[in-house]
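Work through the exercises below with the sequence and the model open. Each task is followed by a solution in steps.

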Amino acid sequence: MANHSFTHEKRLIPRHHLTEYLTVYNGYTDRAMGSIGNISTHGMMLISELPIMTGAEYQLLIKLPNNAGVIDFIAVCLWCKADVDQRYFDSGFEIIHTHRGIEDIVESLKHYFSFKD
């Protein structure tokens, strides 16, 4: 597996911060893993109550509001650290495969949530 190192200073792709949280589910168990903190066409940050194992691939689901559909994708957790609020963890994911284009995910989310840079 490639060594992925992302920092805020090295990020070339702007991320959109959600003004409301959207839950991400484990695609195998349908259990909530956490909420999207921010998202881009190549990755996302997940805010969770439990730490996420780094280096692992995850089958993930985003259930859009108002029964507008489900977006499923595979992502690798690149890093996990304690959040500023010590009750939570922040994890960075690289999206490696989606059944719909990741651009569609970001566009779908823009439809339901307002974004700010």
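## Exercises on strands and side-chain contacts

**Exercise 1.** Find the residue that stands opposite Leu-61 in strand 6, and describe how strand 5 and strand 6 pair.

Solution. The model is a predicted one.
- Step 1: Strand 6 covers residues 70-82, and its pairing with strand 5 is antiparallel, over seven bridges.
- Step 2: The two strands form a hairpin with six residues between them. In that turn, Asn-66 has a positive phi of about 60 degrees.

**Exercise 2.** State how many bridges join strand 6 to strand 7, and name the bridge partner of Trp-79.

Solution. 
- Step 1: Strand 6 and strand 7 run antiparallel and are joined by nine bridges.
- Step 2: Trp-79 has Gly-92 in strand 7 as its bridge partner.
- Step 3: Between strand 6 and strand 7 there are six residues, and the two strands form a hairpin.

**Exercise 3.** Classify the geometry of the aromatic pair formed by Tyr-58 and Phe-93, then decide whether each residue is buried or exposed.

Solution. 
- Step 1: The structure holds one aromatic pair. Its rings, those of Tyr-58 and Phe-93, are 5.8 Å apart centre to centre, with 75 degrees between the planes.
- Step 2: Planes over 60 degrees apart count as edge-to-face, and the pair of Tyr-58 and Phe-93 is edge-to-face.
- Step 3: Tyr-58 belongs to strand 5 (residues 57-63) and Phe-93 to strand 7 (residues 89-98), so the pair ties together parts that are 35 residues apart in sequence.
- Step 4: Buried means under 20% relative accessible area. Tyr-58, at 14%, is buried, and Phe-93, at 2%, is buried as well.

**Exercise 4.** Describe the contacts of Lys-63 with Asp-30 and with Tyr-25.

Solution. 
- Step 1: Lys-63 and Asp-30 meet through their side chains in a salt bridge, 3.0 Å from N to O.
- Step 2: Asp-30 is partly exposed at 42%, and Lys-63 is partly exposed at 32%.

**Exercise 5.** The structure holds two salt bridges; describe the one between Asp-85 and Arg-87.

Solution. 
- Step 1: The side chains of Asp-85 and Arg-87 meet at 2.5 Å, N to O.
- Step 2: Asp-85 has a relative accessible area of 27% and is partly exposed, whereas Arg-87, at 58%, is exposed.

Technical notes
Residues are numbered from 1 along each chain as its sequence is written. This is a predicted model: local features need pLDDT of at least 70, side-chain atom pairs count only at pLDDT 80 or more; totals for chains, interfaces and linings use all residues. Side-chain values use heavy atoms; hydrogens and water are left out. Rings of Phe, Tyr and Trp (its six-membered ring) pair if their centres lie within 6.5 Å; planes under 30 degrees apart count as stacked, over 60 as edge-to-face and the rest as tilted. Helices (H or I, at least four residues) and strands (E, at least two) are DSSP runs, numbered from the N terminus. Buried means under 20% relative accessible area, exposed over 50%, partly exposed in between (1.4 Å probe, protein chains only). A charge sits over a ring if NZ of Lys or CZ of Arg is within 6 Å of the ring centre and within 35 degrees of the ring normal. A salt bridge is a side-chain nitrogen of Lys or Arg within 4 Å of a carboxyl oxygen of Asp or Glu. Two strands pair if DSSP finds at least two bridges between them.
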